[in-house]
Amino acid sequence: MPELSINPGVEIRNAQLELHHFRVRLAVAFVLVLAMFAVLAVRFFYLQVVRHGELHTLAEANRISIVPVVPNRGIIVDRNGTVLAHNYSAYTLEIQPGKVADLERTIDELAGVVEIGARDRRRFKRLMEESKGIGSLPIRTRLSDEEIARFAANRYRFPGVEINARLFRQYPQGELFSHVVGHIGRINQKELDQLEAEDRVANYRGTDYIGKTGLEQSYELALHGTTGVEEVEVDSGGRAVRTLSRTPPVSGNNLVLKLDARLQEIAYNAFGKYRGALVAIEPATGGVLAFVSKPGFDPNLFVDGIDPTNWSELNNSPDRPMVNRALAGTYPPGSTFKPFMALAALTAGKRTPQQTISDPGFFNFGGHVFRDDKVGGHGVVDMYRSIVVSCDTYYYVLANDLGIDGISRFMGLLGLGSVTGLDVKGEAAGVLPSQAWKRQRFKRPEQQKWYAGETISIGIGQGYNSYTPVQLAAAIATIANDGVMFRPHIVNYVEDIRTRERSPVEPNPLRTLPTKPEHIAVIKQALIGVNKEGTGARAFAGAGYVSAGKTGTAQVVALKAGEKYVESRVQERHRDHALFIAYAPADAPKIALAVIVENSGFGARYAAPIARAVLDYYLLGKVPAPPKPEKEEADDLRD
Amino acid sequence: MNPAIRRLGGHLTQHVDGMLLGAVLALMAVGITVLFSASNASVARVSTQLMNILIALATMWVFANIPPQHLRRLALPLYILGVLLLVGVALFGEIANGARRWLHVGITRIQPSELMKIAVPLAMAWYFDRYEATLRLGNYFVAAMMLLIPVGLIVRQPDLGTSLLISASGFFVLFLAGLSWRIIGGLALAGIASLPLAWSLLHDYQRRRLLTLLDPSQDPLGAGYHTIQSTIAVGSGGVLGKGWLNGTQTHLDFIPERTTDFIFAVYSEEFGLFGNVVLLLLFLLVIARGMVITANAPTLFARLLAGAITLTFFTYAFVNMGMVSGILPVVGVPLPLISYGGTSLVSICLGMGILMGIATHKKLVQT
């Protein structure tokens with residue numbers, strides 16, 4: 001069996017060969033292992049040495065988040081420290097739409113944890129549309145402690161949903177100051193663009209709100225404060241773990257107003273069921289003591305974003321509560337225009353106080369008859385009497401003598417027909433008619449021409465005349481202040497909350513009327529006469545101080561020739577507006593005011609008592625008794 | 001010392017390979033240290049892992065004491081059982097996380113693909129050993145089929161990571177058994193050529209993982225998030241690391257699965273390049289010792305098995321660190337001996353035990 005002896009030898013040789021082959025392969029494998037580990041080592045070197053700086057920065061950026069710290073908005077108080085706007089802290093449940101995949105489902109699930117009403121959903125939808133889903137949007141505000149605890153226990157289920165402590169604005173006086181203090185609201189795109197243009201965006205990081213109307217808007221710069229910065233360490237869920245450094249925010253400054261909250265309330269309530277406006281000014285400074293536009297609205301509705309139902313209710317109300325009547329409502333001044341006309345005549349030398357006319361009860365101008373309110377006329381009338389009894393014929397004639405441009409030049413000096421520069425935005429200019437105004441206002445040449453007949457009714461405050469209550473108040477305050485006109489302003493001073501440093505809004509004399517003191521004295525005497533023996537006498541009977549005033553009635557709908565105005569026959573919305581301008585005490589005026597009561601009727605009956613209530617409180621501290629039902633008055637009260 | 005006790009000690013340790021045990025224990029110590037940090041100092045996690053380590057060491061000791069020829073007898077039955085279980089999974093398996101990987105067996109549920117990680121190289125080594133004298137091309141083909149049947153079943157589950165790792169261990173057996181270089185080259189070319197086909201067979205999430213590897217920033221909050229964050233963690237560690245317990249990426253929760261598959265990111269962030277090199281050397285020590293044992297193994301079966309175990313160990317380590325450092329796609333492979341989890345630890349130590357058994361029983365045969 002030779003094979004037997006050969007085979008083992010072959011097998012051994014083969015086995016050794018196989019083992020050799022195997023060991024070669026193993027060596028190859030080991031080299032490959034070393035090569036692969038070298039690749040890893042190179043990769044580690046690349047990441048940990050070459051790219052270390054960059055990746056270290058990324059890790060830090062991961063870790064550190066710069067969080068703005070929103071400053072407290074300054075508060076707003078009246079002259080006596082009554083709070084008109086302040087902040088309170090509350091917890092809100094907020095969603096970052098960018099971090100939530102299915103918004104509807106998340107909100108549905110959240111509703112199982114905290115109460116989320118239909119109103120909250122509507123408001124959230126509106127916020128989503130306004131913000132285009134950027135930032136953190138509140139789905140619920142003012143969470144209760146129990147709701148906070150319930151959400152905290154379920155927080156892991158809701159990535160992108162957080163509870164935040166936020167400061168909320170509150171207006172404790174509600175609708176009383178809605179048109180003066182205004183309100184804040186969420187920053188919209190237009191405001192954001194504006195902030196960007198003014199390079200103020202950085203200071204609004206983290207801030208969702210900005211002043212929208214009233215003082216909140218015009219004093220935004222002072223109220224907002226300076227945003228602080230906090231460096232916090234966050235985890236991968238974006239939740240703050242600890243604070244690394246902090247630059248505290250600087251609170252906004254407080255506003256202290258000239259307004260008297262109690263006076264404002266008395267004035268507001270004095271309107272009773274009527275709509276209207278009242279502006280009261282301190283003649284010596286231009287400080288605004290009361291600023292009423294009725295009806296108002298609850299500004300608190302706007303703070304966390306108004307829901308669509310409330311919004312359309314406010315917007316569609318026939319009473320138009322959103323209109324700031326004192327600032328942007330323009331009305332014909334009616335007979336309150338007459339003392340200004342008289343002063344214009346004296347200043348221009350067109351009349352002396354003693355000059356009289358004989359009033360037959362009408363004025364015939366080129367075949368057109370302008371009626372006096374009193375049938376048969378007032379008889380012999382001088383300037384004093386023309387104001388006291390409110391004689392129309394006297395002013396028809398005077399208007400014709402002064403001419404439209406003579407009238408408009410003087411009224412312009414009184415501030416009528418142009419913005420007064422009040423420290424609240426949105427002022428309307430009104431219309432001070434003149435030839436130039438008409439040329440600009442109309443397109444067709446026959447409309448652009450001023451007809452002399454149009455001047456006649458201008459003389460009694462009708463026609464194109466249209467002024468805001470602020471303008472009328474500023475004008476009567478100017479008379480009260482012997483012709484020196486101050487810019488009306490609502491804020492007394494801005495107070496730095498830390499240093500207590502006060503920056504007053506300085507009284508700013510705009511101009512002095514180019515008229516002699518004795519001329520103004522004549523007008524003042526006549527205005528005192530109105531409240532003593534004229535159209536205002538009934539309203540001011542037994543006042544306990546001497547006051548000056550002038551009634552006015554502004555037509556809403558022109559009467560047809562020969563038609564007599566009978567209040568009860570005219571539809572409510574077409575009834576006349578009642579006006580009254582006044583100041584007191586007559587010898588050293590502390591307060592001047594203008595009142596307009598929309599669609600009520602005669603100024604003497606409806607507007608003068610409101611003025612009386614305001615003056616009574618301001619001068620005597622008298623709080624009015626609850627209103628009594630009114631009875632029909634005699635014709636002699638008409639102006 | 002009492003000679004009886006000494007003799008007992010000698011009996012207990014006679015099949016333990018000192019160098020391998022030293023390297024394994026060192027890696028386990030590193031693992032426990034990192035786990036303490038990665039779990040935010042969770043005593044519960046660490047104690048569980050210490051229990052796992054004890055079980056794994058016991059398993060290692062048991063397998064070290066099994067002579068390789070006993071394993072050889074177990075190889076085929078284990079393999080057949082494994083394939084049957086995989087078929088069972090395909091038919092009655094339980095779906096979890098979109099994959100059918102688990103099978104209910106009485107009181108517990110098992111993942112048969114785990115078993116195949118050792119059963120496949122074992123069976124292939126047995127097969128080559130059985131036909132050692134008459135090896136022809138056809139044998140390689142049969143061996144390849146032994147590999148492809150379970151891999152095909154696992155791919156279908158789908159579990160790409162496990163099937164690739166089993167393929168690798170099977171390939172190591174084929175390679176060490178002397179598969180011709182020409183065929184290896186041909187397979188490589190065929191593999192490259194069939195890439196488009198393979199691509200079309202992949203699931204969407206698998207494709208996304210591969211694409212993400214090429215450019216993680218494509219999907220920073222989705223599939224790329226793991227890679228971006230772990231790369232940042234590794235890189236921000238620098239040369240010396242941020243120090244134990246000081247990794248911000250880790251402790252602020254930016255690293256996902258930071259106690260298991262991504263534990264290397266934690267280690268790397270806290271111990272830096274220096275720590276990484278130490279770790280690579282420890283792994284290399286295990287691999288080198290495994291290679292020496294392989295080279296000196298007495299039979300073809302022992303050689304192929306030892307080689308496959310060693311190279312598979314390397315593959316685990318390489319794939320995991322490559323994945324964490326962003327050069328390999330994210331596949332669910334734990335870092336051997338470091339990652340938290342009993343299954344991986346026990347199966348690795350089982351392999352280490354087999355290596356020790358191969359190393360020590362040879363000596364006994366010789367003496």
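At what angle do helix 13 of chain A and helix 20 of chain A pack, and how far apart are their axes? The legends below take that pair first. This is a predicted model, where local features need pLDDT of at least 70 and side-chain atom pairs count only at pLDDT 80 or more, while totals for chains, interfaces and linings use all residues. Residues are numbered from 1 along each chain as its sequence is written, with chains lettered from A and ligands numbered from 1 in the order in which they are written.

**View 1. Helix 13 against helix 20 in chain A.** Helix 13 (residues 338-348) and helix 20 (residues 517-533) pack at about 155°, axes 9 Å apart (axes are lines fitted to C-alpha atoms over the stretch in contact, and angles run from 0 to 180 degrees between N-to-C directions; helices are DSSP runs of H or I, at least four residues, and strands are runs of E, at least two, numbered from the N terminus). The two helices are therefore roughly antiparallel (angles over 145 degrees). Among the residues making the contact are Leu343(A) and Leu346(A) from helix 13, plus Ile520(A) and Ile523(A) from helix 20 (contact: C-beta atoms, placed from the backbone, within 7 Å).

**View 2. The hairpin of strands 14 and 15 in chain A.** Four bridges join strand 14 (residues 362-365) to strand 15 (residues 368-371), and the two run antiparallel (strands pair if DSSP finds at least two bridges between them). Phe365(A) has His368(A) as its bridge partner. Two residues sit between the strands, and Gly366(A) takes a positive phi near 55°.

**View 3. Where chain A touches chain B.** Here 32 residues of chain A are in contact with 35 of chain B. Helix 1 of chain A gives the most to its side, with 18 residues.

Notes:
Contact = placed C-beta atoms within 7 Å. Parallel < 35°, antiparallel > 145°, perpendicular 65-115°, else oblique.
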